[in-house]
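I'll jot down what I looked up, one entry at a time.

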Amino acid sequence: MKSLIQQAIVFVCFTTLAYGLQNGLARTPPMGWLSWERFRCNTDCDNHPDSCISENLYMAMADRLVEDGYRDAGYEYVNIDDCWSNKTRDENGNLNPDSKRFPSGMKALADYMHKKGLKLGIYGDFGSKTCAGYPGSLNYLEKDANRFAEWGIDMFKMDGCNVDISLMKKGYPEMGQYLNATGRPILFSCSWPDYERGKGIPIDYQSVASHCNIWRNFVDIQDSWDSVLKIIDYQANITDQWGPVVGPGNFSDPDMLIIGDYSLSVSQSQAQMAMWAILAAPLLMSNDLRTISPEFREILLNKEVIQVNQDPLGIMGKRVLQIGKVQVWMKTLQSYEYAVAFLNEDDYGMPKNVTVQMGSLGIATGIYDVQDIFINKDFMDFSTDDKFSILVPPEGCRLLHLYPSELRHGRF
């Protein structure tokens, strides 16, 4: 078992292995709101004025981020997804927002966000058309990068529909260079590795991390617990590949938080929030903040979970044990601290009693105080030689934060 001094060496190794798009952004996983999972490509503002893809929707979400405490908790990006533009470029080859749904223009919408202390993200595609059939950026990369900078855009997500996937290894790095050349800090979100994965093309993990701030690596999340579990299982199998290149400036994106939508229970929502924190994943909500129930808002605003996610080391956690249907994950944090998640996949109608020896989780030898985040309970002076028992709810999670005991003064 590693001592604390040996563990410090591991910290250095992780940070020196981190690559990144050199734009100074995403030093911790970005947080915000994204429209796609909840609102999709609804462009019918006549019949659905409150839920169509329009400037009114994004302004309404921005208002809620500010007034309901999300911005102050760290959620700062308001991200537009597909279906925002006109169906064709103008006579000069420029992209323009749909004039009926975005009558004020994109620059005005960005200004609205900035005045509220928020940032605006936008969507595009590397192909000839977006996934929903709107103009893509193929052969227009530089022009579109400049257009986004003129509007004051702060994040750009580039999808990968309607294009030869073999071109992505060259095209995505080019777009990152064009974004940087604008002189405006624009966080770059790439879908490149997911498309290569889907075609069985070997992924150059270092190259992806060198050219993208965040990247999608798997299928889109859907509004279901099965979808959340499928994504978590995939992440468990790739952490050895992605882990060495994840860190400040570049993070792997398992997709949106669906907490507060239609399908997840409170326990399942806690589980998704905890696992995204362990994975050092972007926290991009896709829900309706105008109608979200208080219990889900409380999960999304949990300061202790956000602290685990936003740890400055930016290390991606990994699955260290599988005990029946309970997964045990560990994430190394700053100051010789750790986060441990117990995820129960079983739907059997009572909690699972799980017992582990703390030292078996890859934690440095020592004495720790343990904070059980969701039940707000503390346990003092646990040795890595001790066994620790915990009840994990069905289709739920328990998230622990371990502090070296000598640091506990003033901590709890």
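**Sorting the residues.** Before counting classes I need the rule: Ala, Val, Leu, Ile, Met, Phe, Trp, Tyr, Cys and Pro go down as nonpolar, Asp, Glu, Lys and Arg as charged, and the others, Gly among them, as polar. I also remind myself that this is a predicted model.

**Second largest pocket.** I applied that rule here and got 7 nonpolar, 1 polar and 8 charged residues in the lining of the second largest pocket. The lining has 16 residues in total, and I noted Cys131, Lys157, Asp159, Tyr195 and Asp220 as the ones nearest the pocket's centre. Strand 4 and helix 8 (192–198) are the elements that give two or more residues to this lining. For the volume I wrote down about 200 Å³.

**Cavities.** How many cavities of 30 Å³ or more are there? I count 2.

The largest cavity holds about 140 Å³ of space. I find 18 residues around it, and Leu34, Lys157, Ser189, Asp253 and Leu284 sit nearest its centre. Two elements give two or more residues each to that lining: strand 3 (119–125) and strand 4 (155–159). By class I get 10 nonpolar, 3 polar and 5 charged residues.

**Helix 10.** Next I followed helix 10, which covers residues 225–242 and so has 18 residues. From first C-alpha to last I get 24 Å, close to the 26 Å expected at 1.5 Å a residue. Where does helix 10 bend? I put the bend at alanine 236, by about 40°. Ala236 is also on my list of buried residues in this helix, which includes Trp225, Leu229, Ile232, Tyr234, Ile238 and Trp242.

**Serine 54.** Last, I went looking for serine 54 and found it in the loop between helix 2 (36–39) and helix 3 (55–67). Is serine 54 buried or exposed? Its relative accessible area is 4%, and buried means under 20%, so I call serine 54 buried. Leaving out residues up to four places away in sequence, I see serine 54 touching Cys45, Arg101 and Phe102.

Technical notes: Residues numbered from 1 in each chain as written. Predicted model: local features only at pLDDT ≥ 70, side-chain atom pairs only at ≥ 80, totals over all residues. Heavy atoms only, no water. 1 Å grid on protein atoms, 1.4 Å probe; cavity = no way out; pocket = protein on both sides within 12 Å on 5 of 7 lines; lining within 4 Å. Points joined across faces, edges and corners; volume = space filled by probe spheres on them. Helix = DSSP H or I, 4+ residues; strand = E, 2+ residues; numbered from the N terminus. Expected span 1.5 Å × (residues − 1). Bend = angle between axes of the 7 residues up to and from the residue. Buried < 20%, exposed > 50% of the residue type's maximum accessible area, 1.4 Å probe, protein only. Contact = heavy atoms within 4.5 Å.
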